[in-house]
There are 2 protein chains.
Amino acid sequence: MSDHDHRPARPDAEVTLPRLLGVLSDPTRLGIVRVLSDGAERGWGQLCAPVAKSTLSHHLKTLREAGVTRTRQEGTRCYVTLRRDALDDRFPGLLSALLDAAATDYVGAHVTELTKDT
Amino acid sequence: MSDHDHRPARPDAEVTLPRLLGVLSDPTRLGIVRVLSDGAERGWGQLCAPVAKSTLSHHLKTLREAGVTRTRQEGTRCYVTLRRDALDDRFPGLLSALLDAAATDYVGAHVTELTKDT
DNA sequence: TTCGATGTTCAATGAACTTCGAACGATGAA
DNA sequence: TTCATCGTTCGAAGTTCATTGAACATCGAA
């Protein structure tokens, strides 16, 4: 990410591989991706990571701007999904391999999903 | 080796996925890996990147310490190879997917191999 | 309208990273 | 021995990044 990639907010479609790797090299962000890897939508507050909410917001923005996730707003709530189709379209097989590696190893284990325990 | 090194200079075997992704998120380093991707050994000076030699040395050290490459010394010369076997062992299929992605896209195109044009 | 909850943005800080030139040690050649 | 080459290490400069609390905007509920 040391390139002159100063794109404020391109649609996405133009994510370079180094940039994508940089985005996913953060344990928290990789953990988020791992949680979202089943394709299901998650509520913002459902994402449980050991960081301040401003930090979590920053990471989600980073993922969003890199085209990794999509955020849907509904009232005051946000819902996040993994854009697996878009990623597979740009880098076929890569996300799958990354998720396999993430599962094999540890990876972002501190990012969990907040289950509603009755 | 130096006393300035607070780094966990473990053999390697302990490379986390986020760290590996961070190492490969640099265009120059990814370019080096791409050049080495055929498995053949390359001479240090054969690696042609638009950076100072001290910078190139730094990047090669980073790759080496992450277990991505191996450096063999012979006299004053160094020879670098990609440790595909070790990487495949730790993260099966990942390197292959990354190289495919690197080939699909651009990636580190400014790192080339110095062909001996006599 | 007023209140509470939800996320985002801002400004600041410290750590980590990239980059370079200069200096250095090691090796092979003259 | 003397010299040139090769690659590493050092020191410094500048940049990027993760992180935080506070302030803010928005929306639903009361």
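This is a predicted model: local features need pLDDT of at least 70, side-chain atom pairs count only at pLDDT 80 or more; totals for chains, interfaces and linings use all residues.
## Contacts with DNA strand D

Two side chains approach phosphate oxygens of DNA strand D: an N or O atom of Arg29(A) is 2.4 Å from one, and a polar atom of Trp44(B) lies 2.8 Å from one.

DNA strand D is surrounded by 22 residues, the closest being Arg29(A), Ala52(A), Thr55(A), His59(A) and Ser57(B), where a residue is near if one of its heavy atoms lies within 4 Å. Helix H3(B) gives the largest share of this surface, five residues; helices are DSSP runs of H or I with at least four residues, numbered from the N terminus.

## Packing of two helices in chain A

Helix H2 (residues 27-35) and helix H3 (residues 53-65) of chain A pack at an angle of about 70°, with axes 10 Å apart, the axes being lines fitted to C-alpha atoms over the stretch in contact, and angles running from 0 to 180 degrees between N-to-C directions. H2(A) and H3(A) are therefore roughly perpendicular, a term for angles of 65 to 115 degrees.

## Basis of the values

Residues are numbered from 1 along each chain as its sequence is written, while chains are lettered from A and ligands numbered from 1 in the order in which they are written. Local features need pLDDT of at least 70 and side-chain atom pairs count only at pLDDT 80 or more, whereas totals for chains, interfaces and linings use all residues, and side-chain values use heavy atoms, leaving out hydrogens and water.

Technical notes. Angles under 35 degrees count as roughly parallel, over 145 as roughly antiparallel, 65 to 115 as roughly perpendicular and the rest as oblique. A polar contact is a pair of N or O atoms within 3.5 Å; within protein, one must be able to donate a hydrogen and the other to accept it, and residues adjacent in sequence count only if both atoms are side-chain atoms.
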